[in-house]
Amino acid sequence: MTTAAFSEDFRLDLERLFTWRRDVRHFRREPVAPALLDDLLQASTLAPSVGLSEPWRFILVEDQTRKSAVRKSFETCNARALEGYDGEQAAGYASLKLAGLDDAPHHVAVFCETTPDQGHGLGRATMPETTTWSAVMAIHTFWLAATASGVGLGWVSILDPETVSTILNAEPNWDLVAYLCVGYPTEQADTPELERMGWEKRNPERRQWIRR
Ligand SMILES: Cc1cc2nc3c(=O)[nH]c(=O)nc-3n(C[C@H](O)[C@H](O)[C@H](O)COP(=O)(O)O)c2cc1C
C-alpha cells in the first residue's frame with residue numbers, strides 16, 4: 001500500500017477550491033463533455049458512506065419533458081415560498097434567482113436509497129438518517145470535484161420531492177436529496193450570491209468552537 005502525501009502548494013490550492021466553490025444559478029449553455037461528467041460521478045462516489053452502503057443514486061435527467069415538469073414544480077414551490085414573506089423581505093425574495101434550471105445544460109437528481117442491502121445495516125440502527133447524510137457527502141464531493149474542473153453546480157431544493165420522484169420514476173424506497181443544475185458558470189465569485197444580493201451574510205460566530 002502506498003501512502004498519500006500532499007504538498008503545501010496543494011493545500012493552498014485546496015483552500016482556494018473551498019473558497020471559490022459556489023452555488024451557481026447562472027450558467028452558460030454549452031454542455032460539459034460526457035467524459036468529464038463521468039469523471040465527476042466517479043469522484044463523488046469516493047465519498048464516505050455509513051457501513052459502506054453507498055446509498056446515493058445519481059440520475060442524469062436528459063428527457064426534456066421530465067426537465068420541464070421539474071421546472072414547473074420549482075415555479076409552483078417558489079411562488080408558494082414567496083407568499084410566506086411580507087414587505088421588504090418579499091421584494092428581496094422575489095429579486096433572487098434561486099435556480100438555473102433553464103440554462104444549465106445538465107440536470108442531476110440525487111436520491112438516497114433509504115434501506116440499502118449493501119452495508120448490511122451497519123451504523124444506521126440508531127441513526128437511520130445516516131444514509132441520507134452519506135448521499136449528501138457524495139453530493140459535496142461532486143460539488144468540489146466540479147469546481148476543480150471549472151464546472152458549476154446549483155442545488156435546487158425548492159421542489160416538491162414527491163412530485164420529482166414521480167416525474168423521475170424513482171423507486172419507492174428512494175428519497176430525493178438534491179436536484180442539481182450542472183454546467184459552466186457565467187461568472188466566478190469568492191462570496192455567496194445570497195451575500196452579494198444582501199439576503200444574508202456569513203456569521204463570524206459560526207467560525208468559533210462551541211466549548212462544553
Ligand atoms: C441543502 C441545500 C439546499 C439548497 N437549496 C437551494 C435552492 O433551492 N436554491 C438556491 O438558489 N440555492 C440553494 N442552495 C445553495 C445555498 O443558498 C448556498 O449554498 C448558500 O447561499 C451559500 O452559498 P455558496 O454555496 O455559494 O457558498 C442550497 C444549498 C444546500 C446545501
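Which residues are linked with Asp23 in a network of salt bridges? Arg25 and Glu193 are; the three form the network.

## Basis of the model

This is a predicted model, in which local features need pLDDT of at least 70 and side-chain atom pairs count only at pLDDT 80 or more, while totals for chains, interfaces and linings use all residues. Residues are numbered from 1 along each chain as its sequence is written, and side-chain values use heavy atoms, with hydrogens and water left out.

## Salt bridges

The structure holds 11 salt bridges. The term covers a side-chain nitrogen of Lys or Arg within 4 Å of a carboxyl oxygen of Asp or Glu. Side chains of opposite charge can pair when their charged atoms come close.

Glutamate 113 sits in strand 2 (residues 106-113) and arginine 57 in strand 1 (residues 56-61), so the pair ties together parts that are 56 residues apart in sequence. Strands here are DSSP runs of E of at least two residues, and helices are runs of H or I of at least four, numbered from the N terminus. Glutamate 113 is buried, with a relative accessible area of 17%. Buried means under 20% relative accessible area, exposed means over 50%, and partly exposed lies in between (1.4 Å probe, protein chains only).

Arginine 71 pairs with aspartate 102, and their closest N and O atoms are 2.2 Å apart. This pair links distant parts of the chain: arginine 71 is in helix 3, aspartate 102 is in the loop between helix 4 and strand 2, and 31 residues separate them. Arginine 71 is partly exposed at 28%. Aspartate 102 is also partly exposed, at 43%.

Arginine 28 bridges to glutamate 30, with 3.0 Å between the closest N and O atoms. Arginine 28 is partly exposed, with a relative accessible area of 38%. Glutamate 30 is partly exposed too, at 39%.

## Helix 3 against helix 4

Helix 3 (residues 64-83) and helix 4 (residues 87-95) pack at about 160 degrees, with axes 9 Å apart. That makes helix 3 roughly antiparallel to helix 4, a label for angles over 145 degrees. Axes are lines fitted to C-alpha atoms, for helices over the stretch in contact, and angles run from 0 to 180 degrees between N-to-C directions.

Asn78, Ala81 and Leu82 of helix 3 meet Ala90, Tyr93 and Ala94 of helix 4. Contact means heavy atoms within 4.5 Å. The residues of this contact divide into 5 nonpolar, 1 polar and no charged.

## Helix 1 against helix 5

Helix 1 (residues 8-20) packs on helix 5 (residues 130-148) at about 105 degrees, and the axes are 10 Å apart. That makes helix 1 roughly perpendicular to helix 5, the class for 65 to 115 degrees. Leu17, Phe18 and Trp20 of helix 1 make the contact with Leu144, Thr147 and Ala148 of helix 5. Its residues divide into 5 nonpolar, 1 polar and no charged.

## Positive phi in a loop

Leucine 52 has phi near 60 degrees, a positive value in a residue other than glycine. Leucine 52 lies in the loop between helix 2 (34-44) and strand 1. At 59% relative accessibility, leucine 52 counts as exposed.

Glutamate 54 is placed in the loop between helix 2 and strand 1. Its phi is near 40 degrees, a positive value in a residue other than glycine. Glutamate 54 counts as partly exposed, at 28% relative accessibility.

How values were computed. Parallel < 35°, antiparallel > 145°, perpendicular 65-115°, else oblique. Nonpolar A, V, L, I, M, F, W, Y, C, P; charged D, E, K, R; others polar.
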